[in-house]
Structure formats: C-alpha cells, structure tokens
Amino acid sequence: MDIGKLLAERTKYMTASEIRELLKWATVDVISFGGGMPDPSTFPVEDIQKIVNYVLEAYPHKALQYGSTEGVYELRQEIAKFSEEHHGIKTKAENVLVTVGSQEALELLGRVFINPGDVVITENPTYLAALQAWRVYQPKLVGIPMDEHGMIVELLEDKVRELLARGERIKFIYTIPTAQNPTGITMTQDRRKYLLEVAERYDLLIVEDDPYSYFLFEPIQVAPIKALDKSDRVIYLSTASKIFAPGFRLGWVVASEEVIKWFYLAKQSLNLNTSNFVQYIFLEGLRRGVVTKNLPRVKELYKRKRDAMLAALETYMPEGVRWTRPSGGMFVWATVPPQIDTRELLRKAVTQYKVAFIPGHGFFVDESVKNAMRLNFTYPSFEQINEGIRRLALAIKEA
Ligand code: PMP
C-alpha cells in the first residue's frame with residue numbers, strides 16, 4: 001500500500017535525527033563520538049534495584065496505576081526542593097510538571113506556543129533535537145551567534161529590535177546557558193543578567209534548558225537564569241537523564257502556574273502522564289540522596305574524560321583544526337578547515353577509519369556552517385577516546 005499519499009503536510013518537516021541514524025552504523029568496531037549517552041558505569045544500579053523492590057513492596061498499587069498529568073505530587077515537591085538546593089531556584093510543587101525527559105518539554109513548547117511563521121530565537125549552534133521538535137510547527141528560527149562567553153546578548157538585543165520593528169511575533173528565546181549542547185560553553189553571569197534584562201525590556205519569554213549544570217568541571221560561579229527571574233518569564237527544563245539514568249525518560253519543567261496549566265493540557269492528549277512507576281523510583285532516589293551522592297563521582301569521571309579528549313586532540317590533530325575547551329557537560333565542539341564538509345568526512349571516517357561523530361550542520365538554524373562537528377567524551381572509554389581521536393585526525397589529514 002502507498003502510505004505516502006496519505007501523509008499529513010507536517011510530515012514534510014519530520015526529518016530523521018542525524019544522531020539516531022548514526023547510532024545505527026555504530027557497529028562494534030566503530031568508535032563513536034556520536035550520540036550523547038552517559039557512561040553506563042554512572043548508573044546507580046544497586047541503589048535502583050533496592051528502590052524498585054521497595055516501591056513494589058511499599059506502594060505497588062499507586063506505582064503501577066495511571067497518574068495525574070502534572071506528575072506525582074510528592075515528586076513535584078521533591079524536585080522543587082532539589083531545584084533550590086542545587087540551583088538556588090525558589091519554587092513549589094505547583095510550579096513543577098514532570099515530563100517524559102526534557103525532550104517532551106521541548107515538544108510541549110511547540111504545541112503550546114508556536115504558530116506557523118512565529119519567531120523562535122536560539123543560540124547558533126543549538127541543540128539539534130530542539131530544532132527538530134519545533135520545525136513541525138513551522139516557526140522562523142532565528143540564530144544568535146555565540147563566542148566563548150555564550151550567546152552574544154548585544155547581538156540578540158539588536159536582532160530583537162529589528163524583528164519587533166518588522167512586526168514579527170517572537171514566541172521565546174531558547175538558551176542552554178550552562179555547558180551548552182553542542183559547544184560545552186557556559187554563559188557568563190553578566191550575560192545571563194543582560195539576557196534577562198533584554199527579555200524584560202521587550203516582554204519576552206525565555207526557555208532555559210539545563211541538563212548539564214550538574215557537571216561543571218571548573219569552579220565557575222553561575223546561577224540558572226531561572227534563579228534570577230522575578231517576573232515568571234523563564235521556563236526552566238531539567239532532566240534525570242544525566243544524573244540518574246536516561247532509560248527512565250524522566251524530566252521536569254519549572255514555570256509559572258499559567259504555563260504549567262497549558263503544558264498540562266497539551267500533555268494530557270500526548271501521553272496522559274509520565275510513568276508513575278518511574279516517578280516513584282526517582283522520588284525515592286532523591287529522598288535517599290542517591291542522586292546527590294552519585295554526582296561528585298560522575299563529575300570527576302567526566303572531567304577526566306574531557307581532559308583525555310583534549311589531550312588526544314592536542315596530540316593528534318593537524319594544523320587548522322580548532323576545538324572548544326568545554327566547561328562541563330558531555331561534548332567538545334571542533335571546527336576543521338572550511339574546505340572540508342564534515343557530512344562528507346563522516347562517511348569516510350566511519351567506513352574507512354571506523355570512527356564516528358556528529359556533523360555540525362544540523363545544530364545551526366540555517367545549516368550554514370559545514371565544517372564543524374560535535375564529539376561526545378562521556379560514553380567512549382579512555383582507550384577509545386585516545387584511539388578514536390587518532391583515527392579522526394588521520395581522516396581529517398586525508399580530507
Ligand atoms: N536538551 C538538551 C540540551 C539535551 O542535551 C538533551 C539530551 N541530549 C535533552 C534536552 C533531552 O534529554 P532527555 O529527554 O533525555 O531529558
């Protein structure tokens with residue numbers, strides 16, 4: 001049967017994730033700097049086993065039942081407490097909504113806010129799967145360049161003025177201010193304040209996506225923008241994926257009660273509720289301090305892996321290759337000479353040199369940069385990091 005003739009218009013905007021496509025190629029002999037997976041040794045398996053047994057013994061009927069769309073109330077309370085302890089975000093359970101990973105929150109943003117032609121402003125480059133989630137809703141994506149201090153907020157303000165003068169509708173500014181995906185760059189505190197001032201001046205909404213502030217490797221003093229927000233204009237997203245286990249698919253939103261109400265309505269028809277069982281497991285994980293106890297160990301491991309990747313890049317890369325020194329998170333962002341297209345390089349790298357990465361194109365709103373790549377350092381072993389970068393350098397030299 002020809003399914004093609006039945007497809008909705010919007011499927012035109014549904015493109016395969018480069019990351020997921022790439023994972024398919026990652027056969028055993030390919031060293032992959034692709035995906036964005038945590039090191040599996042960081043999963044607190046024994047604690048989780050005890051918690052699972054406890055949840056099934058103590059309250060199986062609640063844990064295995066349908067739940068409320070906003071999430072388990074006790075977990076929302078616990079997340080509010082966690083947000084204050086770790087990030088200085090003062091909030092309460094009513095301002096928290098539990099999602100199926102942060103990825104669901106990105107989808108909810110599209111559903112609730114974006115009409116075709118609306119403007120969404122992002123860092124350029126930014127998280128590829130956020131762009132993918134929103135493209136279906138057909139916004140005009142406007143990218144603001146970054147430097148080593150994060151989004152260049154002066155340019156943002158100029159752009160906002162220009163867009164508003166043209167009568168454009170700006171729906172939100174999306175930022176990953178801490179250990180950004182894909183660059184690993186952390187926005188300075190001054191820029192954060194300035195960003196919030198711009199949002200206040202022009203009455204704009206900010207979406208702060210924050211999976212990585214748990215892994216800052218340097219003693220950088222930054223607070224989430226949400227912690228500075230006095231006028232409820234920041235929608236804050238975070239996730240258990242990198243601090244507990246991504247397999248649970250659990251994230252959360254902290255926002256005004258009005259935003260939570262709209263997200264609640266949008267989520268209801270999407271999946272009714274985030275798995276109750278998973279929520280109770282994470283609740284116990286927070287209550288028992290499993291997450292807090294695990295964090296220093298994870299951070300230490302990822303810092304050593306980042307350093308191993310930086311050292312290997314230093315040793316093997318030819319002239320003309322540049323890379324970021326990520327302040328945290330999971331990725332190094334590298335740029336090769338402009339005559340090399342990293343999409344073409346990838347094919348050769350995988351088939352001939354058995355090493356994979358994500359080409360940078362898809363992280364830019366307009367795919368305008370073709371000579372960048374994202375390298376993950378958390379999933380491969382130390383040996384793979386060294387050997388993979390050696391192979392990648394050979395592929396680049398040949399190109
Ligand atoms: N936002 C950013 C910036 C990310 O890097 C990721 C994961 N790679 C996500 C959202 C989605 O994470 P999850 O759905 O696992 O919470």
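Helices (H or I, at least four residues) and strands (E, at least two) are DSSP runs, numbered from the N terminus. The legends below use these numbers. The model shown is predicted.

**View 1. A cis peptide bond between Asn181 and Pro182.** Asn181 and Pro182 are joined by a cis peptide bond. Its omega is about 20 degrees. Look for Pro182 in the loop that runs between strand 6 (170-175) and helix 8 (189-201). Ala179 sits in the loop between strand 6 and helix 8 too. Ala179 is not a glycine, yet its phi is positive, at about 50 degrees. Is Ala179 buried or exposed? Ala179 counts as buried, because 26 C-beta neighbours lie inside 10 Å.

View 2. Strand 3 covers residues 119-124, and Asn124 is part of it. The bond from Asn124 to Pro125 is a cis peptide bond, with omega about 10 degrees. Pro125 belongs to the loop between strand 3 and helix 6 (128-135). Why does Asn124 count as buried? Around Asn124, 20 other C-beta atoms lie within 10 Å, and a residue is buried if 20 or more do so.

**View 3. Contacts of Asn124 with residues from elsewhere in the chain.** Set aside the neighbours within four places in sequence. Asn124 is then in contact with Gly143, Ile144, Pro145 and Met146, and also with Phe364 and Val365. Val142 gives a distance to check in the model: its C-alpha atom is 8.3 Å from that of Asn124. Along the sequence, Asn124 and Val142 are 18 residues apart.

**View 4. The shell of residues around the ligand.** How many residues are around the ligand? There are 13, and Gly101, Ser102, Gln103, Thr239 and Ser241 come nearest. Helix 5 (residues 101-113) supplies the largest share of this shell, with three residues. Sorted by class, eight residues of the shell are polar, four are nonpolar and one is charged.

**View 5. Arg249, a residue with positive phi.** Arg249 is found in the loop between strand 8 (234-239) and strand 9 (251-254). Arg249 is a residue other than glycine, and its phi is positive, near 50 degrees. Arg249 counts as partly exposed because it has 18 C-beta neighbours inside 10 Å.

**View 6. Where domain 1 meets domain 2.** Domain 1 is made of residues 3-44 + 293-398, and domain 2 of residues 67-290. The centres of the two domains, taken over C-alpha atoms, are 24 Å apart. Contacts between them involve 33 residues of domain 1 and 35 residues of domain 2. Which elements each supply at least two residues of the side of domain 1 that touches domain 2? They are helix 12 (290-316) and strand 11 (331-335). Helix 12 gives the most to this side, with eight residues. By class, this side of domain 1 has 15 nonpolar, ten polar and eight charged residues.

View 7. Helix 13 covers residues 342-351. Its buried residues are Thr342, Leu345, Leu346, Ala349 and Val350. Seen down the axis of helix 13, these buried residues fall within an arc of 125 degrees, so they line one face of the helix. An α-helix has 3.6 residues a turn, so residues three or four places apart point the same way. The face of helix 13 turned away from the buried side carries the exposed residues Glu344, Arg347 and Thr351.

**View 8. Lys370 and its contacts.** Lys370 lies in the loop between strand 13 (358-359) and strand 14 (372-376). Leaving aside neighbours within four places in sequence, Lys370 is in contact with Asp341, Thr342 and His361. One of these, Thr342, is a buried residue of helix 13. Lys370 itself counts as partly exposed, because 18 C-beta neighbours lie inside 10 Å.

View 9. An unreviewed UniProt entry carries the annotation "domain: Aminotransferase class I/classII large" for residues 54-392. Over these residues, the chain is 44% helix and 17% strand. The end C-alpha atoms of residues 54-392 are 47 Å apart.

Note on methods
Residues numbered from 1 in each chain as written. Predicted model: local features only at pLDDT ≥ 70, side-chain atom pairs only at ≥ 80, totals over all residues. Near = placed C-beta within 6 Å. Nonpolar A, V, L, I, M, F, W, Y, C, P; charged D, E, K, R; others polar. Domains from an automatic or database assignment. Contact = placed C-beta atoms within 7 Å. Buried ≥ 20, exposed ≤ 12 C-beta atoms within 10 Å, placed from the backbone. UniProt positions renumbered as here; feature names shortened; annotations may be inferred. Arc of directions from axis to C-beta.
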